[in-house]
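Visitor: Please walk me through this structure, starting at the ligand.

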Amino acid sequence: MSAKLLGFAALAVAVGLTGCATPCMQHKECTVTTAYYGKTKDGVAVNIHTLQNKHGMAFEVIDYGATITAIRVPDAKGNCGDVALGFTNLADYETKSPYFGCAVGRYGNRIAKGKFTLNGQAYTLATNNGPNALHGGLKGFDKAVWKAQASKTAAGPAVIFTHVSKDGEEGYPGTLTMKMVYTLTDANEIKLDYTATTDKDTVVNLTNHSYFNLAGQGNGDILGHLMLLNAEHFTPVDSTLIPTGELRPVKGTPFDFTKPVAIGARIGQADEQLKFGGGYDHNWVLERENGELCLAARVTEPTSGRVMEVFTTEPGVQFYCGNFLDGTLTGKEGKIYKHRYGFCLETQHYPDSPNHPNFPPTTLKPGQTYRTTTVYKFSTK
Ligand code: GLA
């Protein structure tokens with residue numbers, strides 16, 4: 001090795017960069033860069049935006065579905081890893097994605113039998129999940145090419161996504177005009193700020209569907225991750241994953257994550273709710289006062305020391321632990337995503353709220369602004 005190379009190697013060790021890919025290196029500046037990513041099958045150009053901060057964290061997001069395609073964060077030893085499941089190309093996102101990393105709407109999660117009534121009028125949606133409507137329908141916001149503007153804001157590098165969903169699209173009433181700001185802060189947070197307005201009464205429930213594996217995407221199942229959910233109740237479901245309407249205490253059930261427990265510790269128990277979900281695929285009722293940003297979850301991965309905290313203004317979070325992953329999808333770096341290789345924490349209003357008057361309402365009226373914030377914060381211990 002030349003003296004110059006040796007010098008670099010010594011420097012890399014000194015600042016803890018060994019094993020780090022370039023985007024995880026300590027940058028002097030926060031940056032956001034935009035590059036061409038690919039063309040959809042309909043010929044629409046899609047860009048990829050890379051946001052990085054000064055603390056070795058970076059994430060990537062594409063205009064298709066406003067999809068987060070990579071999240072690079074250091075582990076406890078400073079080695080970086082990509083903790084988000086995803087693909088290497090647009091065609092895979094278009095044809096086989098189980099909602100990896102994307103924005104979800106107009107109504108995230110399920111609506112029973114694809115039917116709801118608003119102001120006395122009945123609306124019918126496509127049923128794309130057994131008897132129910134799921135995640136906005138056949139062409140939800142995960143399949144839209146969002147307009148994107150990369151920007152350097154006071155809070156950090158950001159991408160501002162906008163999209164207009166037409167009146168009647170996928171069966172929903174009202175023209176919905178949306179803005180989502182994805183920011184990478186200096187505190188190693190991905191901050192998602194959503195706003196939306198409508199010209200007719202409608203229902204809205206927007207979320208992000210990132211799949212995480214804090215040991216690194218593709219590096220085994222997530223059953224050893226320790227999960228804390230800030231929730232004393234969850235919304236039990238029927239066999240098609242529609243809430244019964246009950247808010248059931250988690251105490252004494254495998255749904256109690258009020259103290260950190262390994263995801264896999266109780267997942268095999270003979271419990272009717274776990275049977276219906278094929279594991280955890282349920283909405284937890286977050287402990288909160290009105291609408292302020294509160295801790296929803298804290299997840300710790302013992303081998304890497306990575307920690308992810310989720311904060312949200314939403315009243316609920318769907319904790320889904322990758323029960324439908326079955327080894328048929330190959331993702332980044334040729335990694336095969338087997339059963340439970342990733343988990344999601346989809347911050348949201350409760351599933352099927354339009355059919356449950358006792359749940360927090362999801363109606364948006366003209367003149368009102370839908371406004372929610374969710375933060376995914378990364379650290380180590
Ligand atoms: C949500 C649902 C799950 C599943 C995934 C996508 O988390 O609750 O049942 O549909 O999306 O595979």
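Guide: Start with E346: an N or O atom of its side chain is 2.7 Å from an oxygen atom of the ligand. That is a polar contact (a pair of N or O atoms within 3.5 Å). This is a predicted model, where local features need pLDDT of at least 70, side-chain atom pairs count only at pLDDT 80 or more, and totals for chains, interfaces and linings use all residues. Residues are numbered from 1 along each chain as its sequence is written, and side-chain values use heavy atoms, without hydrogens and water.

Visitor: Which side chain has a polar atom 2.9 Å from an oxygen atom of the ligand?

Guide: The residues around the ligand (a heavy atom within 4 Å) include R110, H135, Q318 and E346. Q318 places a side-chain N or O atom 3.2 Å from a ligand oxygen. The polar side-chain atom at 2.9 Å belongs to H135.

Visitor: Which strands are the edges of the sheet of 5 strands?

Guide: Strands are DSSP E runs of at least two residues, numbered from the N terminus, and two strands pair if DSSP finds at least two bridges between them. The order is β1-β2-β3-β4-β5, open and antiparallel. Each edge strand pairs on one side only; they are β1 (31-39) and β5 (80-82).

Visitor: Which residue in β2 stands opposite T34?

Guide: β1 and β2 (residues 45-52) run antiparallel, joined by 8 bridges. Opposite T34 stands H49.

How values were computed
Helices (H or I, at least four residues) and strands (E, at least two) are DSSP runs, numbered from the N terminus. A polar contact is a pair of N or O atoms within 3.5 Å; within protein, one must be able to donate a hydrogen and the other to accept it, and residues adjacent in sequence count only if both atoms are side-chain atoms.
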